[in-house]
Amino acid sequence: MSAYQLENIVVRYAQTIALDIPSLDLATNRCTALLGENGAGKSTLMHLLAFIQMPDAGNVSLMGKSVEQKLTPEQRKKIGFVSQQPYLLTGSIRDNLKLALKLQHVPKQQHSPLIDEALATVSLSTKADQDAATLSGGELKRAAIARAIVYQPEILLLDEPFSHLDQRHIRQLETTIQSFATQADKTVIFSTHDRLQAMAIADNSINLVAGRVTSAPLLNLFHGHAEKQLFNTGKMLIHVAEDASEARHIAIDPREIIISDQPLEHSSMLNSFQGRLIQIAEEAGHIRLLVDCGERFHAIITPTSLKNLALHLGNTVWLNFKASAVSVF
């Protein structure tokens, strides 16, 4: 069974379409990342999944049942939601969790063990009675998650949970999310603009661009306009394989980019750009390069290729890719 099924979803803000999703299924018992730039529609989609906002058109189903107006108490108890900027009420962390249990009509005799379990999941057991107003940013996020999971929902929704946190708190929060996600029959959906974060903790990801779901990779994502088979980013012209006159976005898979230290002779690749190598990073057993060609491109190569090309920061290199490697939308 799907946790959610979305059909023919449209959300508008004034004359702007924020979401346009013909069909989307989100699986149960999985950790799913919603990936996209700021303004891509991630928060709007999260609000639909939490049923704190309804679409202007279309239908959202929860666990196979269509939701037309509002959730039943039983359906509401299936979902825990943490907003992008959560806040706790006056009092201790324990007080906040007790209130969440009371609002969900959980019998009082169950409160203590449920609170202890939620605090252990987010590693805040020793701070249960600390005043919420004294918590750090990372502790506040984890306490908000504890409040969302204390009544043991099946689904946990997290809107940009890592925003405005330092690296230490990000790592703690990643551990917290993974701890909940590995429990039996739990589904986690979180939004982020960080692809590496998604790779680290999610089973799968969904890419959002301008309110639309796309299978295109988001590393080399450019906005602009097209004229037939040329896409103008404002800084460069990129050949595409189809008439893309209506397109406003393109993406190039970083694995489809060939790096060379000299221009390629007799190549059939229509796109070839000279640039400066400004970053070399190891990622999941491969090497990710960042090259400034006017626009910045990511390319993924093997460690052997890095060694053979003898690449160093500041080197001049050439990016080469086929027009067919460009996704247009």
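In helix H1, Lys-42, Thr-44, Leu-45, Met-46, Leu-48, Leu-49 and Ala-50 are buried, where buried means under 20% relative accessible area with a 1.4 Å probe and protein chains only. Because seven of the nine residues of H1 (residues 42-50) are buried, this helix is largely enclosed by the rest of the structure. Just after H1, Phe-51 takes a positive phi of about 60 degrees. Helices (H or I, at least four residues) and strands (E, at least two) are DSSP runs, numbered from the N terminus.

This is a predicted model, in which local features need pLDDT of at least 70 and side-chain atom pairs count only at pLDDT 80 or more, while totals for chains, interfaces and linings use all residues. Residues are numbered from 1 along each chain as its sequence is written, and side-chain values use heavy atoms, with hydrogens and water left out.

A nonpolar core is a set of buried Ala, Val, Leu, Ile, Met, Phe, Trp, Tyr and Cys residues joined through side-chain atoms within 4.5 Å.

| Core | Residues | Including |
|---|---|---|
| Largest nonpolar core | 40 residues | Val-150 and Phe-190, with the most contacts inside it |
| Another core, apart from it | 29 residues | Leu-19, Ala-40, Met-46 and Phe-51 |

Phe-190 touches (heavy atoms within 4.5 Å) residues including Cys-31, Met-46, Leu-158 and Ile-201, not counting residues up to four places away in sequence.

The lining of the largest pocket has 14 nonpolar, four polar and two charged residues, with Ala, Val, Leu, Ile, Met, Phe, Trp, Tyr, Cys and Pro counted as nonpolar, Asp, Glu, Lys and Arg as charged, and the others, Gly among them, as polar.

Definitions and conventions
Buried < 20%, exposed > 50% of the residue type's maximum accessible area, 1.4 Å probe, protein only.
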